[in-house]
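Me: I would like a close look at a single part of this model, with the cut-offs behind each term spelled out.

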Amino acid sequence: MPDPFKLPPLPWAQNALEPVISARTIGLHYGKHHAAYVKNLNELVAGTRFADMPLEHVIAASVGSEETRKIFNNAAQAWNHAFFWKCLKPGGGEPGRAIARQIDESFGSYAQFKEQFSKAAVDDFGSGWVWLVARGDKLEILATSNAGTPLTMGATPLLALDVWEHAYYLDYENRRPEFVEAVVGKLLNWDFAAEQLEKARSGERKAA
């Protein structure tokens with residue numbers, strides 16, 4: 001019987017993010033860490049009700065219970081990483097008009113957003129993630145620990161930055177601020193973020 005969850009392909013070549021993130025780091029991060037979360041999840045859910053659920057439903061059904069903690073951790077990390085790769089784009093870019101207006105309304109300016117997002121990423125203690133999310137008619141910055149994800153917090157993720165050490169240690173050693181500055185300044189995929197925001201707004205309009 002085939003495994004219910006698959007490792008999705010990267011949206012770009014492993015060397016596409018150089019020199020900000022090396023092909024060696026992507027090979028380790030995607031090929032070892034992300035792949036291990038998917039492999040572990042498939043082993044954990046074999047023969048259980050979770051094996052027939054979409055990944056997002058596994059996350060929702062397993063959060064907050066000690067009995068399903070391992071399933072949640074691996075499911076959330078599998079989802080977080082698949083989302084994270086889409087948040088990065090060779091050459092990066094700047095927000096388009098619609099999402100730029102939301103950023104200005106929520107943070108004051110794009111420069112202030114970058115400052116607040118970067119600070120949250122640098123200050124997130126230990127292993128975790130920093131997210132730009134939509135909640136209601138505002139954008140917010142969330143920091144989560146370990147496998148934490150906005151999917152369980154009533155928020156729609158627009159962008160993510162992985163600040164686990166395996167995301168940067170080969171290239172930056174313990175210099176997390178340098179990694180954060182480089183990714184925020186040179187790799188964020190604002191087209192993808194705008195697509196996620198439009199999906200969230202469309203869902204709200206349909207529900208109204």
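With which side chain does the side chain of Asp-171 make a polar contact?

Reply: The model is a predicted one, in which local features need pLDDT of at least 70 and side-chain atom pairs count only at pLDDT 80 or more, while totals for chains, interfaces and linings use all residues. Residues are numbered from 1 along each chain as its sequence is written, and side-chain values use heavy atoms, with hydrogens and water left out.

The partner is Thr-25, whose side chain makes a polar contact with that of Asp-171 at 2.9 Å; such a contact is a pair of N or O atoms within 3.5 Å, where, within protein, one must be able to donate a hydrogen and the other to accept it, and residues adjacent in sequence count only if both atoms are side-chain atoms. Asp-171 itself belongs to helix α6, residues 169–172, helices being DSSP runs of H or I with at least four residues, numbered from the N terminus. Because its relative accessibility is 26%, Asp-171 counts as partly exposed, the class between buried (under 20%) and exposed (over 50%), with a 1.4 Å probe and protein chains only.

Once its neighbours within four places in sequence are left aside, Asp-171 is in contact with Val-20, Ile-21, Ser-22 and Thr-25, where contact means heavy atoms within 4.5 Å. Ile-21 is 150 residues away from Asp-171 along the chain, yet their C-alpha atoms are separated by 6.9 Å. For the chain as a whole, residues 24 or more positions apart account for 66% of the contacts with a separation of 6 or more.

Technical notes:
Helices (H or I, at least four residues) and strands (E, at least two) are DSSP runs, numbered from the N terminus.
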